[in-house]
Amino acid sequence: MAALPISPLETALLAWCAENPAAPALAAVGGPALNRAELCELLAAGRRNLYRVGLDAGDRVALVMPQGLDGAVALLQAAVTCDVAALQPATADLLRSGCA
C-alpha cells in the first residue's frame with residue numbers, strides 16, 4: 001500500500017505534536033482532553049478513513065458538526081485531508097430548506 005500524502009497542515013501538526021507529545025492539545029470545557037500524541041493518532045486515523053471512502057486532497061467537504069471536542073477533532077481530521085467548510089447544525093438546516 002502506498003503511503004498517503006501528508007498536507008502542509010498535517011506536517012505542521014505532526015511537528016507540533018513531536019515537540020511535546022504529552023502536552024495538552026484540545027480539551028472540552030469541563031470535559032475530556034486530548035494530549036498532542038492522542039490528537040495526532042486521531043488525525044492519522046481520520047485521514048486513513050477519509051482516503052478509504054475516496055476523499056483526497058483538493059476534494060471539498062462540508063461538515064455539520066456539534067460544538068465540542070468531537071466536532072473539533074472531526075474538523076481537523078477533514079482539514080488535514082481535504083478542503084473543508086464547517087457548518088453549525090442551524091446553518092445546515094437553512095441550506096437544506098433553500099433559505100440561505
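Among contacts in the protein chain (heavy atoms within 4.5 Å) between residues at least 6 apart in sequence, 51% join residues at least 24 apart. This is a predicted model, in which local features need pLDDT of at least 70 and side-chain atom pairs count only at pLDDT 80 or more, while totals for chains, interfaces and linings use all residues. Residues are numbered from 1 along each chain as its sequence is written, and side-chain values use heavy atoms, with hydrogens and water left out.

**Overall architecture**

- The protein chain contains 4 helices and 4 strands; these are DSSP runs numbered from the N terminus, with helices being H or I of at least four residues and strands E of at least two.
- Along the sequence, these elements follow the pattern α-β-β-α-β-α-β-α.
- Of the 100 residues in the protein chain, 29% count as buried, where buried means under 20% relative accessible area, exposed over 50%, and partly exposed in between, for a 1.4 Å probe and protein chains only.

**Helix H1**

- Helix H1 comprises 12 residues, 8-19, and reaches 17 Å from its first C-alpha to its last, close to the 16 Å expected at 1.5 Å a residue; the expected span is 1.5 Å times one less than the number of residues.
- Glu10, Leu13 and Cys17 are the buried residues named in H1. They lie on the same side of H1 because they cover an arc of only 65 degrees around the axis, the arc being that of the directions from the helix axis to the C-beta atoms.
- The other side of H1 carries Pro8, Ala18 and Glu19, which are exposed.
- The packing partners of the buried residues of H1 are helix H2 (36-52) and helix H3 (69-79).

**Tryptophan 16**

- Tryptophan 16 belongs to helix H1 and is partly exposed, with a relative accessible area of 27%.
- Leaving aside neighbours within four places in sequence, tryptophan 16 is in contact with Pro24, Ala25, Arg36 and Leu39.

**Disulfide and cysteine burial**

- The structure holds 1 disulfide, defined as a pair of cysteine sulfur atoms within 2.5 Å.
- This disulfide joins cysteine 17 to cysteine 40, with an S to S distance of 2.2 Å. The pair links distant parts of the chain, with cysteine 17 in helix H1 and cysteine 40 in helix H2, 23 residues apart.
- The torsion about the S-S bond of cysteine 17 and cysteine 40 is about 85 degrees, so the disulfide is right-handed.
- Cysteine 17 counts as buried because its relative accessibility is 6%; cysteine 40 is likewise buried, at 12% relative accessibility.
- Cysteine 82 also counts as buried, with a relative accessibility of 6%.

- Strand E3 (residues 60-64) has a covered face formed by Val61 and Leu63, and an uncovered one formed by Arg60, Ala62 and Val64.
- E3 is joined to strand E4 (residues 83-87) by 5 bridges, and the two strands run parallel; strands pair if DSSP finds at least two bridges between them.
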